[in-house]
Number of protein chains: 4
Amino acid sequence: MTGQVPTEDGAHARITTPRSARGERTRGALVRGAREVFERDGYLDARITDISKAAGVASGSFYTYFNNKEEIFAAVVEQVQEEMLHPHLRERTGITDAREMIDASNREYLRSYKQNARLMALFEQVAQIDPTFRALRIQRGNAFAQRNAKLIRQLQERGEADPSLDPLVTAHALSNMVSRMAYMVYVLEQRIAFERLVGTLNQIWINGLQLREPGGHAS
Amino acid sequence: MTGQVPTEDGAHARITTPRSARGERTRGALVRGAREVFERDGYLDARITDISKAAGVASGSFYTYFNNKEEIFAAVVEQVQEEMLHPHLRERTGITDAREMIDASNREYLRSYKQNARLMALFEQVAQIDPTFRALRIQRGNAFAQRNAKLIRQLQERGEADPSLDPLVTAHALSNMVSRMAYMVYVLEQRIAFERLVGTLNQIWINGLQLREPGGHAS
Amino acid sequence: MTGQVPTEDGAHARITTPRSARGERTRGALVRGAREVFERDGYLDARITDISKAAGVASGSFYTYFNNKEEIFAAVVEQVQEEMLHPHLRERTGITDAREMIDASNREYLRSYKQNARLMALFEQVAQIDPTFRALRIQRGNAFAQRNAKLIRQLQERGEADPSLDPLVTAHALSNMVSRMAYMVYVLEQRIAFERLVGTLNQIWINGLQLREPGGHAS
Amino acid sequence: MTGQVPTEDGAHARITTPRSARGERTRGALVRGAREVFERDGYLDARITDISKAAGVASGSFYTYFNNKEEIFAAVVEQVQEEMLHPHLRERTGITDAREMIDASNREYLRSYKQNARLMALFEQVAQIDPTFRALRIQRGNAFAQRNAKLIRQLQERGEADPSLDPLVTAHALSNMVSRMAYMVYVLEQRIAFERLVGTLNQIWINGLQLREPGGHAS
DNA sequence: GATGAATGAGGTTTCATTCAT
DNA sequence: AATGAATGAAACCTCATTCAT
């Protein structure tokens, strides 16, 4: 009746948004505990009991703030996103040259992926398991690809990129290539030196798009 | 861990390799049933009971041939591989031109992926869940990349491909790009027309490698 | 268990009889909330949390005034009884004729039952569940039957009622008949028109007792 | 897929109708255990664990045959009904006189109720709690009343019963009177001697209906 | 007194695995 | 070998009750 969180099913919505400082602390401990357990045991093997234990609260307290594993996982994701929130690259660095932009973008992505490999593995796993989270990922991937497709189109219009490429498909393909390589190297632990990885991926982007000097004449 | 009886696979030696024709039939039914259930319910939600039911045998019979879900999944994979076993492309078609080879290879891969989308989704899922199967995939990916890396090296030596690219990393990157796009389109059902997909991916391979005419002079 | 403080009811002496006006208000809100929840959800599904919520007080406040669901139910019953407390029929109306009395009494009972059907259903339910409340009902039923038995005996002595009937058993039987019909019609919602119901029940009373004109001569 | 019991929701119908003798034995033990526990602890306090324990089977075995407490209760009811199934009174005894029929019928009903008091208490309780079972009771009550109403109508037509009574309402009322008295005496344990009880109730039926000699002239 | 979060016992349910026939 | 019922170890989840603020 009173300001309850709008949950999916609207059933007997029992979960609470913490009103007191103490509640805030407990909820926080649970999210932290969940992250710890998820990273350690994986999504499937994480038991709610263990999360509560890791948070140092009674098992029942979990249900004060979350209805199930899925929900607390969403909270972990949210928390991680806030953590990772940097100002956007271009805005920060003012890069305009396409090559530099590609390098900066790939470099930053791979660095961050490497840094949070455990978490990325987890996200990858959950996307395979939970439809809700999978949908979220698709959405993000699409938004990202759309942005990149626009950049590619601009380059094509300026005569700086291969005009025969479909911008959207290309954007998807190149992004997927990078993210999959990040997964391969940092989650599956196939050892490739960072610089070699970035360098090769950059080169494939540049070659793939047939990037030319802004002037327009080939090197 | 200590002094295991030297059985076939080191397990607790209970499963039987069917000797009789009847046994062969039962085992076959189980594998077929498993595939059906896996494709329908996904790996996680597939219950051994359901597999037995789908196979039309008693639940207990499962354990005559397999020890657990993982093992029967392996059997499904094996069966599928036999099915998909075509004679290798080059051997079959005798293609030698790199561009043609890329097209033939991507085209065949995507066609087959589309054809078996359900199964591919399943494999993707299980690779996220089961370490054994994950290792298998890594191994295959590596073998495949190694083969492609060798081809790339040959092209570079003949002056037909960008010599600055790391052959192995490039091979991994381009393969991952294709397989990930296949996943995106045929499992996640992001609609992209087949020809546009193949065409764009081919072009990125060609551009990415900076493939030149066998003659050796740039366009 | 040992050496209990001699409190009002011998319980573990925690509940408070409100001293302040604020306390009075809170207690009242709880009883009102309980009634609402009991009528809505039934006794079994009424959760103490819900009662507190319906009362607009914190869940913990419940225990300031009551120890458990049973106790607050008793409070609801008490409150309802006060509400329903009419001056007694005869005293109010001065009826002395047996037939008129039967009609007035049945009519009033059924009217009130219909009016408070939800509550009556609740009482019926709780009587099935809670021994304390069940005992209370038995007691009331007996008191009521005893009163009626006395009237029947008087009628028999005056030659106005069948002398072969056991007054107490008859009193119970006829009362039970009426209350059970009320339950059937207004709780179980078996549609019978009010007047037909009252009329038939009156007639069975009259026939059952073989009521004769006060004068004493048979019909 | 194969001959499953048609359950209400048809979901993942997991319960089994025993195919083997052993299964039959286990199911039987569960129903017997349930009856024992229900009679001992009441419906509400009966835990599925206890039922399994009383049946001497593992807790999980319960779910081989039943999905929940409600279902096994239904099985108990069914079993009891089979037990109580006597050939119908009239058919058995060939009674045609209304008075004798009333006596025989009430006598038999009360005898049986007394005999199975614990069970009847249980049924009464569950009817208050479980809508499914409540509906069943209503249905039965209606069927029974309809039969009796027909008899009353016949008597009225033959001039042997008070023609002013509504047959259906009267039938309900008199039946409810008897069943409620049975409840009062044998469940609530209000001591009334059997013969006095039957005698008084018979008399109220006879008086209530104003039963006359078949010949038609009053006594 | 009021608050609302924390507690944890207790019951339910699932299903991989075993085993007697 | 096949059968299908029995087993019991987990996990989950609820909510009456307590308690620090």
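Author: Helices (H or I, at least four residues) and strands (E, at least two) are DSSP runs, numbered from the N terminus. Just after helix 10 of chain B, Gln210(B) adopts a positive phi of about 55°. The model is predicted: local features need pLDDT of at least 70, side-chain atom pairs count only at pLDDT 80 or more, and totals for chains, interfaces and linings use all residues. Residues are numbered from 1 along each chain as its sequence is written, with chains lettered from A and ligands numbered from 1 in the order in which they are written.

Reader: What should helix 10 of chain B span?

Author: The expected span is 1.5 Å times one less than the number of residues. The 16 residues of helix 10 of chain B should therefore span 22 Å, and its end C-alpha atoms, 23 Å apart, agree with this.

Reader: Which residues of helix 10 of chain B are buried?

Author: Buried means that 20 or more other C-beta atoms, placed from the backbone, lie within 10 Å of the residue's own. Among those in helix 10 of chain B are Leu197(B), Leu201(B), Ile204(B) and Trp205(B). Their cover includes helix 9 (167-187) and helix 10 (194-209) of chain A.

Reader: How many residues does each chain give to the contact between chain A and chain B?

Author: Two residues are in contact if their C-beta atoms, placed from the backbone, lie within 7 Å. Chain B contributes 30 residues and chain A 31 residues. On the side of chain B that touches chain A, helix 9 of chain B gives the largest share, nine residues.

Note on methods:
A residue is buried if 20 or more other C-beta atoms lie within 10 Å of its own, exposed if 12 or fewer, and partly exposed in between; C-beta atoms are placed from the backbone.
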